[in-house]
Amino acid sequence: MTDPRPHVGEPLALDLLNTRWASPDGPQDLLADTAGLRIWLLANDLADRCAADEKTRVALASARDAILRTLQDGAAESLNDVLEHGRIRRMLTESGPAEAVEVAEPEWLAGWLAAADLLRLLAEAPDRIKQCAHPNCILWFHDTSKNGARRWHSMATCGNRAKAARHYAATRD
């Protein structure tokens, strides 16, 4: 099964948020079932590390909600609750320093990785985490443009719609 989402390829935390999107048929949620979870795990190279089962789906949806609350409201508590499910263990190996992710409950691995990725994004450039400016779009993106002025998740879709609406309004007046 192919990934039906209109926007993919964002950092893990934002890609998780983009498992919800608006379509002409109404709101869509890739994590509504384990088949969608399997698609998301495959798209993010996690299929061999995480089970595509109901426990993982519920944990991942909870992590998605926590990430969204953190970005929209600045609420850290729910994100910290997700992060409590795992840790990074540092060690010295024969080949040098190494880190390993440890998650006691396997169903939380994907959600924990997404929450940890959000911490990385917030530490590097929080102003580059953006929601699409189109009023009917709920997708998120990491702005990698040179000046940080990107407004739409995709110029080809939402950006083009905004330009067409402005043009229509200008020619109609």
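Which residue in E2 does serine 23 stand opposite? Serine 23 faces glycine 26. The model in which this pair is found is a predicted one. Its chain contains 6 helices and 6 strands, and from the N terminus on the order of these elements is α-β-β-α-α-α-β-β-α-β-β-α.

**Overall dimensions and burial**

- Taken along the principal axes, the box filled by the C-alpha atoms of the chain is roughly 70 × 35 × 30 Å.
- The chain has 173 residues, and buried residues make up 42% of them.
- Of the contacts between residues at least 6 apart in sequence, 48% join residues at least 24 apart.

**The E1–E2 hairpin**

- Strand E1 covers residues 20-23 and strand E2 covers residues 26-29; the two run antiparallel and are joined by 4 bridges.
- A hairpin is formed by E1 and E2, with 2 residues between the strands.

**The largest nonpolar core**

- This core has 40 residues, and those touching the most other members are Leu16, Trp40, Leu41, Leu46, Leu60, Ile67 and Ala110.
- At least two residues of the core come from each of helix H1 (12-17), helix H2 (34-43), helix H3 (54-73), helix H4 (77-83) and H5.
- The element that gives the most to the core is H5, with 8 residues.
- Not counting residues up to four places away in sequence, tryptophan 40 has contacts with Arg5, Leu12, Asp15, Leu16, Thr19, Leu30, Leu46, Leu60 and Ala110.

- At the start of H2, the backbone nitrogen of alanine 35 has a side-chain oxygen of aspartate 33 within 3.2 Å.
- The buried residues in H2 are Gly36, Leu37, Ile39, Trp40 and Leu41, and H1, H3 and H5 are included in what covers them.
- Aspartate 45 belongs to the loop between H2 and H3, and its relative accessibility of 65% means that it counts as exposed.
- Most residues other than glycine have a negative phi. Aspartate 45, by contrast, has a positive phi near 55°.

**Helix H5**

- Buried positions in H5 are Leu109, Ala110, Gly111, Trp112, Leu113, Ala114, Ala115, Asp117, Leu118 and Leu121.
- Residues three or four places apart in an α-helix point the same way, because there are 3.6 residues a turn.

- In the whole structure, a search finds 0 disulfides.
- The sulfur of cysteine 132 has its closest cysteine sulfur in cysteine 158, at 3.7 Å, which is too far for a bond. A disulfide would require the two sulfur atoms to be within 2.5 Å.
- From the side of cysteine 158, the closest cysteine sulfur is that of cysteine 132, again at 3.7 Å.
- Cysteine 132 has a relative accessible area of 6% and is therefore buried; cysteine 158, with a relative accessible area of 1%, is likewise buried. The cut-off behind both assignments is a relative accessible area under 20%.

Methods:
Residues numbered from 1 in each chain as written. Predicted model: local features only at pLDDT ≥ 70, side-chain atom pairs only at ≥ 80, totals over all residues. Heavy atoms only, no water. Buried < 20%, exposed > 50% of the residue type's maximum accessible area, 1.4 Å probe, protein only. Core = buried A, V, L, I, M, F, W, Y, C linked by side-chain atoms within 4.5 Å. Contact = heavy atoms within 4.5 Å. Polar contact = N/O pair within 3.5 Å; in protein donor to acceptor, adjacent residues only side chain to side chain. Pairing = 2+ DSSP bridges.
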